[in-house]
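The exercises below are to be worked with the sequence and the model open side by side. Each task is followed by a solution in steps.

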Amino acid sequence: MSVKTSLNKVYNILGKQGLAKELGIAYQSVKRWHDQNEMPCTEYNGKSCYSYKIQKLTDGKVTIEDLLGFVPHPQQALVERDD
């Protein structure tokens with residue numbers, strides 16, 4: 001699933017502005033992810049965990065893997081902690 005497709009699913013659940021608000025970031029940042037069809041590089045090194053937060057906010061309807069294509073180690077540690 002592409003980032004655009006995944007974010008469209010999130011928008012249907014939370015709304016565009018709602019997603020940015022829940023993540024504590026500017027709407028323009030979320031729009032850039034959608035427009036560029038990619039999450040920020042900080043998702044892969046653990047400096048941000050927006051994909052993990054999105055998974056939690058959507059009750060797993062949109063997963064980390066949907067957004068990134070796999071689950072990087074920093075996010076995997078968060079998921080395991082929740083189990």
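**Exercise 1**

Which hand does the crossing of α2 and α3 have, left-handed or right-handed? Go on to classify the angle and list the residues that meet.

Solution. The model is a predicted one.

Step 1. The crossing of α2 and α3 is right-handed.

Step 2. The two helices pack with their axes 8 Å apart, at an angle of about 115°. Angles of 65 to 115 degrees count as roughly perpendicular, so α2 is roughly perpendicular to α3.

Step 3. On the α2 side the residues are K16, Q17, L19, A20 and L23, and they meet Y27, V30 and W33 in α3.

Step 4. Sorted by class, the contact of α2 with α3 has 6 nonpolar residues, 1 polar and 1 charged.

**Exercise 2**

At roughly what angle do the axes of helix α1 and helix α3 cross? Describe the contact between these helices.

Solution. 

Step 1. Helix α1 covers residues 3-14 and helix α3 covers residues 27-36; their axes come within 7 Å and cross at roughly 140°.

Step 2. Roughly antiparallel would need an angle over 145 degrees. The helices α1 and α3 are therefore oblique to each other.

Step 3. This crossing of α1 and α3 is left-handed.

Step 4. From α1 the contact uses V3, K4, L7, N8 and Y11, and from α3 it uses V30, W33, H34 and D35. The classes are 5 nonpolar, 2 polar and 2 charged residues.

Step 5. Take D35, which is placed in helix α3. The C-alpha atoms of D35 and V3 are separated by 9.2 Å, while the two residues are 32 residues apart along the chain. D35 has a relative accessible area of 44% and is partly exposed.

**Exercise 3**

Which residues of α2 and α5 make the contact between these helices?

Solution. 

Step 1. Helix α2 spans residues 16-23, and its axis and that of α5 come within 11 Å and cross at roughly 120°.

Step 2. This angle makes α2 and α5 oblique to each other.

Step 3. The crossing of α2 and α5 is right-handed.

Step 4. The contact is made by L19, E22 and L23 of α2 with Y50, K53, I54 and L57 of α5.

Step 5. By class, the contact of α2 with α5 contains 5 nonpolar and 2 charged residues, and no polar ones.

**Exercise 4**

How many aromatic pairs does the structure hold? Characterise the one formed by W33 and Y50.

Solution. 

Step 1. There are 2 aromatic pairs in the structure.

Step 2. In the pair of W33 and Y50, the ring centres are 5.2 Å apart and the planes are at 40°, a tilted arrangement.

Step 3. W33 belongs to helix α3 and Y50 to helix α5 (residues 50-57); the pair links distant parts of the chain, 17 residues apart.

Step 4. W33 and Y50 are both buried.

Step 5. Y50 is among the α5 residues in contact with α2.

**Exercise 5**

Is Q55 buried or exposed?

Solution. 

Step 1. Q55 is in helix α5. The cut-off for buried is under 20% relative accessible area, so Q55, at 19%, is buried.

Step 2. Leaving out residues up to four places away in sequence, Q55 touches G60, V62, T63, I64 and V79.

Step 3. Q76 lies in helix α7, which covers residues 73-82. Its relative accessibility of 28% makes Q76 partly exposed.

Step 4. From C-alpha to C-alpha, Q76 and I64 are 9.1 Å apart in space, and they are 12 residues apart in sequence. I64 is also one of the residues that Q55 touches.

**Exercise 6**

Where are N37 and D59 found? Report the phi of each.

Solution. 

Step 1. Most residues other than glycine have a negative phi.

Step 2. The phi of N37 is positive, near 60°, in a residue other than glycine. N37 is found in the loop between α3 and α4 (42-45) and is partly exposed, with a relative accessible area of 35%.

Step 3. D59 is not a glycine, yet its phi is positive at about 55°. D59 is found in the loop between α5 and α6 (64-68). With a relative accessible area of 64%, D59 is exposed.

Terms used. Residues numbered from 1 in each chain as written. Predicted model: local features only at pLDDT ≥ 70, side-chain atom pairs only at ≥ 80, totals over all residues. Heavy atoms only, no water. Axes fitted to C-alpha atoms, helices over the stretch in contact; angles between N-to-C directions. Helix = DSSP H or I, 4+ residues; strand = E, 2+ residues; numbered from the N terminus. Parallel < 35°, antiparallel > 145°, perpendicular 65-115°, else oblique. Left-handed = near helix turned anticlockwise from the far one by under 90°. Contact = heavy atoms within 4.5 Å. Nonpolar A, V, L, I, M, F, W, Y, C, P; charged D, E, K, R; others polar. Phe/Tyr/Trp six-rings, centres within 6.5 Å; stacked < 30°, edge-to-face > 60°. Buried < 20%, exposed > 50% of the residue type's maximum accessible area, 1.4 Å probe, protein only.
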